[in-house]
Amino acid sequence: GCSKCPAGKHAGTDSVCEACAKGRYSVKGSENCVNCPAGEYAGQTGMDACNNCPTGQYNTNTGNAGCTKCKSGTYQNIAGSTSCNTCAKGTYCGAGASSAIKCPTGKYQPNAGSSSCLSCAAGTYNSETGETNCEQCEVGKYGNTAGLSACITCPSGAVSTVGATFCSSCAAGTFSDGTDCI
């Protein structure tokens with residue numbers, strides 16, 4: 001009598017069981033191999049099941065032998081996916097990311113789908129993660145470098161305006177009340 005082909009193989013020519021090609025699989029007794037569904041793959045010949053694409057990767061077609069990394073600015077946190085998600089404003093994603101990462105303090109990202117964050121300019125800051133913009137330094141404070149998470153208080157005897165990158169010393173015979181020289 002005839003015997004059925006084992007899983008991962010199919011009945012080929014001359015009734016010989018042949019291994020399923022990469023990207024395809026079969027269950028025991030199958031006459032034919034079938035394509036792995038989108039979001040899954042078979043990376044070897046003779047597979048009896050397909051594997052989910054790992055997080056950070058996807059594929060869109062059936063019959064895949066592998067998966068594609070999500071491009072920079074996108075991520076995928078669910079295995080077996082057919083697409084990647086765009087990173088939100090205030091976050092960034094490198095290639096193959098399984099999650100979006102919030103921009104650190106002193107940095108921001110106003111656009112979705114970014115692969116990096118921007119540093120707050122001198123005279124500005126932000127003290128929270130995941131920000132989409134930076135705040136100007138307040139009167140009496142300054143920011144002398146980019147990427148600050150807090151502005152620096154002017155020393156006694158000096159003042160600054162909003163968004164200042166330096167403090168101005170009060171003239172001789174005057175002093176600072178925190179905002180003005182008097």
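The questions and answers below concern a predicted model. Residues are numbered from 1 along each chain as its sequence is written, and side-chain values use heavy atoms, with hydrogens and water left out. Local features need pLDDT of at least 70 and side-chain atom pairs count only at pLDDT 80 or more, while totals for chains, interfaces and linings use all residues.

Q: How many helices and strands are there in the protein?
A: Helices (H or I, at least four residues) and strands (E, at least two) are DSSP runs, numbered from the N terminus. On that basis the protein has zero helices and 20 strands.

Q: What percentage of the residues count as buried?
A: Buried means under 20% relative accessible area, exposed over 50% and partly exposed in between (1.4 Å probe, protein chains only). Of the 182 residues, the buried share is 30%.

Q: Which residues make up the largest nonpolar core?
A: A nonpolar core is a set of buried Ala, Val, Leu, Ile, Met, Phe, Trp, Tyr and Cys residues joined through side-chain atoms within 4.5 Å. The largest such core has five residues in all. One of them, Ala164, touches Gly123, Cys137, Lys141, Tyr142 and Gly143, not counting residues up to four places away in sequence, where contact means heavy atoms within 4.5 Å. The core residues are Tyr142, Cys154, Ala158, Ala164 and Cys167.

Q: Which residues does alanine 146 touch, not counting residues up to four places away in sequence?
A: Alanine 146 is in the loop between strand E17 (141–142) and strand E18 (152–153). Its C-alpha atom is separated by 41 Å from that of glycine 80, 66 residues apart along the chain. With the sequence neighbours left out, alanine 146 touches Ser119, Cys120, Ala121 and Ala122.

Q: What is the relative accessible area of glycine 63?
A: Glycine 63 lies in the loop between strand E7 (57–58) and strand E8 (68–69). Outside four places in sequence, glycine 63 touches Gly23, Asn35 and Cys36. Glycine 63 is partly exposed, with a relative accessible area of 28%.

Q: With which residues is proline 110 in contact, leaving aside its neighbours within four places in sequence?
A: Proline 110 sits in the loop between strand E13 (107–108) and strand E14 (118–119). Proline 110 counts as partly exposed, at 30% relative accessibility. Its contacts beyond those neighbours are Lys89, Leu118 and Thr132.
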